[in-house]
Amino acid sequence: QAGTPVPNRIGATEIEHIRDAAKTFETWDFTHGGGLARDAVLAQLRFSAELLNATCPEHLRGDLHSAVAHVAEVAAFMSFDAAAHDEAERLFTFALACAEEADNWPLRALILGNMAQQSVWLGNPQTGLTHTDLALVRADRLPATHLARLYTMRARVFAAMHRTEETRTAV
């Protein structure tokens, strides 16, 4: 069976649909966990990623990349929750590339923070520290809530490395 055809041209309406899908899956994940909807979000991501090749007005390109990054980030976190760690890493990497293409610093920081969380979970705090440090590049462009989350993650990374003084400083 053929999937949903990808339009050749997209605009603000299609971008808003991608955003809505990301929010819907994110809400589902927060409420019920990602296991049941993971295949659905992955299908949505495949479709959304194909839209990156469609004709789109230049002034909307950043919005398109941000919307696709959000879907990819949600799919990555659902995969992380389902212990599909290789898949989660690939999806986080794709989400990060889209956020960087969009020049979306807050979304970039969120994704890197999630990557750091996964690294710590997998017993790789050094990689987690690299991700938090990269997330804090241009911290002046991040809202206070993002900074608080990143410094908390940084403290968690240092704690995982048994670096007490750096943990205190990060807190």
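**Exercise 1.** In this predicted model, find which residues histidine 85 touches, leaving out residues up to four places away in sequence. Then place histidine 85 in a helix and decide whether it counts as buried or exposed.

*Solution.* Start with the neighbours: histidine 85 touches Phe80, Gln118, Trp121 and Leu122. Next, the helix: histidine 85 sits in α4, which covers residues 85–101. Last, the burial: its relative accessibility is 16%, and the cut-off for buried is under 20%, so histidine 85 counts as buried.

**Exercise 2.** Work out how the axes of α1 and α3 are arranged, and which residues make the contact.

*Solution.* Take the axes to begin with. Those of α1 (residues 12–32) and α3 (residues 61–81) come within 9 Å and cross at roughly 20 degrees. Angles under 35 degrees count as roughly parallel, so α1 is roughly parallel to α3. As for handedness, α1 passes α3 in a left-handed crossing.

Now the contact. From α1 come Ile15, Ile18, Arg19, Ala22, Lys23, Phe25, Glu26, Trp28 and Asp29. From α3 come Asp63, Leu64, Ala67, Val68, His70, Val71, Glu73, Val74, Phe77, Met78 and Asp81. Sort the residues of this α1–α3 contact by class and you get twelve nonpolar, one polar and seven charged.

**Exercise 3.** Check the span of helix α7 against what its residue count predicts, then say which of its residues are buried, what they pack against and what follows the helix.

*Solution.* Helix α7 has 17 residues (144–160), and at 1.5 Å a residue it should span 24 Å. Its end C-alpha atoms are 24 Å apart, so the two agree.

On to burial: Leu150, Met153, Ala155, Val157 and Phe158 of α7 are buried. The buried residues of α7 pack against α5 (105–121), α6 (125–135) and α8 (164–170).

Terms used: Residues are numbered from 1 along each chain as its sequence is written. This is a predicted model: local features need pLDDT of at least 70, side-chain atom pairs count only at pLDDT 80 or more; totals for chains, interfaces and linings use all residues. Side-chain values use heavy atoms; hydrogens and water are left out. Helices (H or I, at least four residues) and strands (E, at least two) are DSSP runs, numbered from the N terminus. The expected span of a helix is 1.5 Å times one less than its number of residues. Buried means under 20% relative accessible area, exposed over 50%, partly exposed in between (1.4 Å probe, protein chains only). Contact means heavy atoms within 4.5 Å. Axes are lines fitted to C-alpha atoms, for helices over the stretch in contact, and angles run from 0 to 180 degrees between N-to-C directions. Angles under 35 degrees count as roughly parallel, over 145 as roughly antiparallel, 65 to 115 as roughly perpendicular and the rest as oblique. A crossing is left-handed if the near helix is turned anticlockwise from the far one by less than a right angle, and right-handed if clockwise. Ala, Val, Leu, Ile, Met, Phe, Trp, Tyr, Cys and Pro count as nonpolar, Asp, Glu, Lys and Arg as charged, and the others, Gly among them, as polar.
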